[in-house]
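Here is a short tour to read alongside the coordinates. Have your viewer open and follow along.

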Amino acid sequence: MGKIAVVTGAGTGIGKQTTLALLDSGYSVVATGRRTSKLEDLEKDADAGSRLVTVRSDVGVESDVTRLFDVTLSAFGRVDLLFNNAGTGAPAVPMEEIALSQWERVVATNLTGAFLCTRAAMKIMKYQTPRGGRIINNGSISAQVPRPFSAPYTSTKHALTGLTKSTSLDGREFDIVCGQIDVGNAGTEMTSKMGDGALQPDGTRKPEPTFDVDGVARAVLYMDSLALDANVQFLTVIASKMPYSGRG
């Protein structure tokens, strides 16, 4: 049996493409997301038989995460890779217009969800044989620089960087390594309207290029291809011509 991976936010976009790439590379995958219909679509597209198990869950809910990893252990007996990919955002409005409920929803999914899944995975990775494993957090380039009107999303992604570093440190003794992939403008549903114009810091809207989301999946596979004595701590994958480097 190949490696066992858990992928969150697996029904669409980066999560779905990474799940498919992992399956193609011989992994068995437990894929989770909030929408049953999207997970059913994933099952049809993957056609991976018993190597793919889907679990509907909200990673911001502790009981859902407990059930997710219970299912993983029942199906495959261990966890070699956790890809903390699930994420959501709030409306792009001035900070003073963001409702507390919107803020809390983003924090619950992007940060608390990653923590809960990391905690559950570490409990397994510490004691399985052979022990250890890899955790990869989807930080987004919002973990480095913000877009306008993105305080909830940007704050959680910056916080994920702290979680990545803490997980790396706390997991050392147990051969648990943790890295972060920061993605900019992968071609997904989330970025589908960027070609029509994305809000810029100067208040204008300009089209932004995207890149094939499979590039992200391949980067995740590379990060996990290393033996556990090596770790890609941070990896940034962006559209080559997006307004990021320098002054745009």
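## Salt bridges

How many salt bridges does the count come to? There are eight, where a salt bridge is a side-chain nitrogen of Lys or Arg within 4 Å of a carboxyl oxygen of Asp or Glu. Please keep in mind that this is a predicted model, in which local features need pLDDT of at least 70, side-chain atom pairs count only at pLDDT 80 or more, and totals for chains, interfaces and linings use all residues. Residues are numbered from 1 along each chain as its sequence is written, and side-chain values use heavy atoms, with hydrogens and water left out.

One of the pairs is Arg78 with Asp80, whose closest N and O atoms are 2.9 Å apart. Both Arg78 and Asp80 are buried (under 20% relative accessible area; exposed is over 50%, partly exposed in between, with a 1.4 Å probe and protein chains only). Asp175 also meets Arg131, at 3.0 Å from N to O. Asp175 sits in the loop between α5 and β6 and Arg131 in the loop between α4 and β5, so this pair ties together parts 44 residues apart in sequence.

## The sheet

Seven strands make an open sheet with parallel pairing, ordered β3-β2-β1-β4-β5-β6-β9. Strands (E, at least two residues) and helices (H or I, at least four) are DSSP runs, numbered from the N terminus, and two strands pair if DSSP finds at least two bridges between them. At the edges are β3 (52-56) and β9 (234-238), each pairing on one side only. Five bridges join β2 to β3, and Gly33 has Arg56 as its bridge partner in β3.
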